[in-house]
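Thanks for coming. I will go through one model today, starting with a side-chain pair and then moving to the sheets.

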Amino acid sequence: MSRTRRPGRQPGAAMASSPWILVAAGVVVMVVLLVVALGSVRGRSTFPAAGPADPVMSLPHVPLTPTAVTPTGPSPVSATAAVVPGLSPRSTVLPARPTPAAPTPSPRGVARPVLPPTPPPTPPSAVTGRYSVPSVFDGGFIGEVLLVNTARTARGWTLRAVFPGGRLVTAWVEGAEQGVFRFDDGVFTYRSGFDLAPGQSLPVRFHIERAGTRPVSCTVDGTPCAER
């Protein structure tokens, strides 16, 4: 009988059938390479060893006071004082201006207000008048002012009498040329139509109603009338 020869196991067949062996071998190789790399890094010094420290230099003392530059060189100026142009650095306060004293007027030079001159008193009228009541009747009366010229020359005249609330009926001059008369708000005015000769006298009469027989005022050229 012939024997059948069994084929033997190939060398790579075991490795192909067990892949974990390859993985383990790769891990071991990587660990070895890592250890070698770390050893080489430790053996080298990338930075030079620290040498002795540099000696410390002491700085000169600098004053806190600032300096001002002048043509001859720096000069110390106080730090708390501001330098004002045109003043000495030693003086920091501006001098106060003297207050001018109020001028005292001299007693001899006192100006006094100039008062207007007092007008001289009005001289009495040369034509005078005397008031009287010749006639009284129911509802009215007849009043009279006797005019007399005391001057040495002929004079005109103006009679004025006030009868509040009254009413003038008429007025006339006895025995002479008539003048102009009016009655406004109780004021009776009669202006002469002629001049009285020196020493001449004549009566002016008027009829008044609704008023008392005595006027509030009676004047001839501003001079009060007398009564008779």
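By polar contact I mean a pair of N or O atoms within 3.5 Å; within protein, one must be able to donate a hydrogen and the other to accept it, and residues adjacent in sequence count only if both atoms are side-chain atoms. The model is predicted, so local features need pLDDT of at least 70, side-chain atom pairs count only at pLDDT 80 or more, and totals for chains, interfaces and linings use all residues. Residues are numbered from 1 along each chain as its sequence is written, and side-chain values use heavy atoms, with hydrogens and water left out.

The side chains of glutamate 209 and arginine 167 make a polar contact of 2.4 Å. Leaving aside residues up to four places away in sequence, glutamate 209 touches Gly139, Gly140, Gly166, Arg167 and Val169, where contact means heavy atoms within 4.5 Å.

Glutamate 209 lies in strand S9, residues 201-209. Strands here are DSSP runs of E, at least two residues, numbered from the N terminus, and two strands pair if DSSP finds at least two bridges between them.

Which order do the strands take in the open sheet with mixed pairing? That order is S6-S9-S4-S3-S12, 5 strands. S6 (167-173) and S12 (226-227) are at the edges with a single partner strand each, so one side of each has no neighbour in the sheet. S4 (residues 140-149) runs antiparallel to S9, joined by 9 bridges, and leucine 146 is opposite proline 203 in S9.

Another open sheet of 5 strands, with antiparallel pairing, runs S7-S8-S5-S10-S11. There, 5 bridges join S5 (residues 158-162) to S8 (residues 187-191); arginine 160 has threonine 189 in S8 as its bridge partner.

Conventions: Helices (H or I, at least four residues) and strands (E, at least two) are DSSP runs, numbered from the N terminus.
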